[in-house]
Amino acid sequence: MAEVRSYRLRVAEVIPETVDSCSLVFEDAPFSYRPGQFLTLRIPSDRCGSVARCYSLSSSPHVDDRLQVTVKRTVDGYGSNWICDSLSAGDEVESLVPAGIFTPASLDDDLLLFAAGSGITPVISIVKSALARGSGHVVLVYANRDEQSVIFAGALRELVSRYPDRLTVVHWLESVQGLPTAAALAGLAAPFTGHQVFVCGPAPFMTGVREGLTSLGVPRQRVHLERFKSLGANPFEQAEPAPVETDAGAATVSVSLDGETHELDWPSSQKLLDRLLEAGIDAPFSCREGACSACACRLVAGEVKMLHNDVLDDEDLDEGIILACQSIPVTDRVEISYE
Ligand SMILES: Cc1cc2nc3c(=O)[nH]c(=O)nc-3n(C[C@H](O)[C@H](O)[C@H](O)COP(=O)(O)OP(=O)(O)OC[C@H]3O[C@@H](n4cnc5c(N)ncnc54)[C@H](O)[C@@H]3O)c2cc1C
Ligand code: FES
């Protein structure tokens, strides 16, 4: 088995949020994180040992002392129901380090946030952080089935009364207004097209928001998306990657991570993450499928080819962000930096 850098987090409290969601508050945070990032939790299974599921942090690193994730039950879903039914104070859960790039470049930016259902989880972390540490205007459009299913309704009310000039929350209730159409979402976004946009929710909602923003001419580079999906692979029980023949065309790669620089040869058919783990380098990862961005790093020099990318958008790519789990070398020399 490959070495996995994981932590045991002790549950301090389980807070029921709505009839089908709960928050897990953990005792001590053994690592730092950025607003909008997620944890990958290991969930025991009689069937296969364990499964891994990602949950965004709903706490803010700038406001909250303790880590918190918020989990909404998926109908017939294994992991989410296990968490809501089985965990209580004192239990421990294994977690990978926080990861992900659904996080504002600057908390001072004006932000237009679209969330639906459990998509509020990373978004509330961004809201709390931007209000506490930033200076911009924050607009949240938040869609839910009905009033009872609004997670963090009370916390949002308190934030609006504390920051009346900086925070605007627009609730959309399907029970009252029907499903939000792209045109309706465009209407809500229209006064704020200069803001940085963050979107998280079920796929049809995200498609509607993207269509609405496109109709307003909002450049794709300003729109950041977080897609929730269950991991197919299990990073906690990842088998050692198949050995790769060192080919004559091997590149060299220089990798800066945690204040150290490593120089390695990099066979042209091997993915960067596999090469780093093989060399004993503690590089972050979660899905290993190009779907979560936990392995995102910056290409400083040279060129790579990404075999699969479900998560980086055009702005990320323009900035030189790549997925280590999907990258193979194109040029003879490549330089990579983890930030
Ligand atoms: C970056 C990211 C952030 C996310 N953040 C959040 C968040 O903040 N809040 C949130 O609620 N969700 C979040 N999600 C979604 C979350 O990771 C899960 O996809 C979601 O909770 C559904 O998982 P589930 O196991 O309940 O359901 P499913 O994925 O539908 O579970 C069914 C799967 O589990 C298998 N299964 C069923 N029973 C067992 C068993 N006994 N043993 C082993 N396998 C079994 C089935 O074969 C099937 O494949 C996020 C996802 C990502 C990628
Ligand atoms: S580990 Fe998830 S995208 Fe690479």
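Colleague: Which residue in E6 is the bridge partner of Ser6?

Modeller: In E6, Ser6 has Leu96 as its bridge partner. This is a predicted model, in which local features need pLDDT of at least 70, side-chain atom pairs count only at pLDDT 80 or more, and totals for chains, interfaces and linings use all residues. Residues are numbered from 1 along each chain as its sequence is written, chains are lettered from A and ligands numbered from 1 in the order in which they are written, and side-chain values use heavy atoms, with hydrogens and water left out.

Colleague: How many bridges join strand E1 to E6, and in which sense do they run, parallel or antiparallel?

Modeller: Strands of a sheet pair through backbone hydrogen bonds, either parallel or antiparallel. Strands (E, at least two residues) and helices (H or I, at least four) are DSSP runs numbered from the N terminus, and two strands pair if DSSP finds at least two bridges between them. Strand E1 (residues 6-18) is joined to E6 by five bridges, and the two run antiparallel. Strand E6 (residues 92-96) is also mostly covered, with four of its five residues buried (under 20% relative accessible area; exposed is over 50% and partly exposed lies in between, with a 1.4 Å probe and protein chains only).

Colleague: What is the strand order of the open sheet with parallel pairing?

Modeller: The order of its five strands is E9-E8-E7-E10-E11. Strand E9 (167-173) and E11 are the edge strands, each pairing on one side only. Direction ignored, neighbouring strands of this sheet are turned by 15 degrees against each other on average. Such angles come from lines fitted to C-alpha atoms (for helices over the stretch in contact) and run from 0 to 180 degrees between N-to-C directions. Within the sheet, strand E7 (residues 111-116) and E10 run parallel and are joined by five bridges; Leu112 has Val197 in E10 as its bridge partner.

Colleague: Which helix packs on the sheet and touches E7, E8, E9 and E10?

Modeller: Helix H2 (residues 120-133) makes these contacts (heavy atoms within 4.5 Å), and its direction makes about 150 degrees with that of E7. H6 also packs on the sheet, where H6 touches E7, E8, E10 and E11; the direction of H6 makes about 155 degrees with that of E10.

Colleague: Which strands stand at the edges of the open sheet with mixed pairing, and why is one side of each left without a neighbour?

Modeller: That sheet has five strands in the order E13-E12-E18-E14-E16. Strand E13 (260-266) and strand E16 (321-323) are at the edges; each has a single partner strand, so one side of each lacks a neighbour in the sheet. From one strand to the next, the twist averages 35 degrees. E14 and E16 pair over three bridges in the antiparallel sense, and Cys297 has Ile322 in E16 as its bridge partner.

Colleague: How much space lies in the largest pocket?

Modeller: Rolling a probe the size of a water molecule over the atoms shows where empty space is left. A pocket is an open set of points on a 1 Å grid over the protein atoms alone, where a 1.4 Å probe fits, with protein on both sides within 12 Å along at least five of seven lines; lining residues have an atom within 4 Å of a point. The volume is the space filled by probe spheres set on the points, which are joined across faces, edges and corners. The largest pocket holds about 1100 Å³ of space. Its lining has 47 residues, and Ser118, Gly201, Pro202, Phe228 and Lys229 lie nearest its centre. H6 gives the largest share of this lining, five residues. By class, the lining has 22 nonpolar residues (Ala, Val, Leu, Ile, Met, Phe, Trp, Tyr, Cys and Pro), nine charged (Asp, Glu, Lys and Arg) and 16 polar (the others, Gly among them).

Colleague: How many residues line the second largest pocket?

Modeller: The second largest pocket, with about 880 Å³ of space, is lined by 34 residues, of which Arg34, Gln37, Gly100, Ile101 and Glu339 lie nearest the centre. E14 gives the most to this lining, three residues.

Colleague: Is Arg288 buried or exposed?

Modeller: Arg288 has a relative accessible area of 13% and is therefore buried. Arg288 lies in the loop between helix H7 (272-278) and E14. Most residues other than glycine have a negative phi. The phi of Arg288, however, is near 60 degrees, a positive value. Asp258 also has a positive phi, near 50 degrees, and lies in the loop between strand E12 (251-257) and E13. Asp258 counts as exposed because its relative accessibility is 60%.
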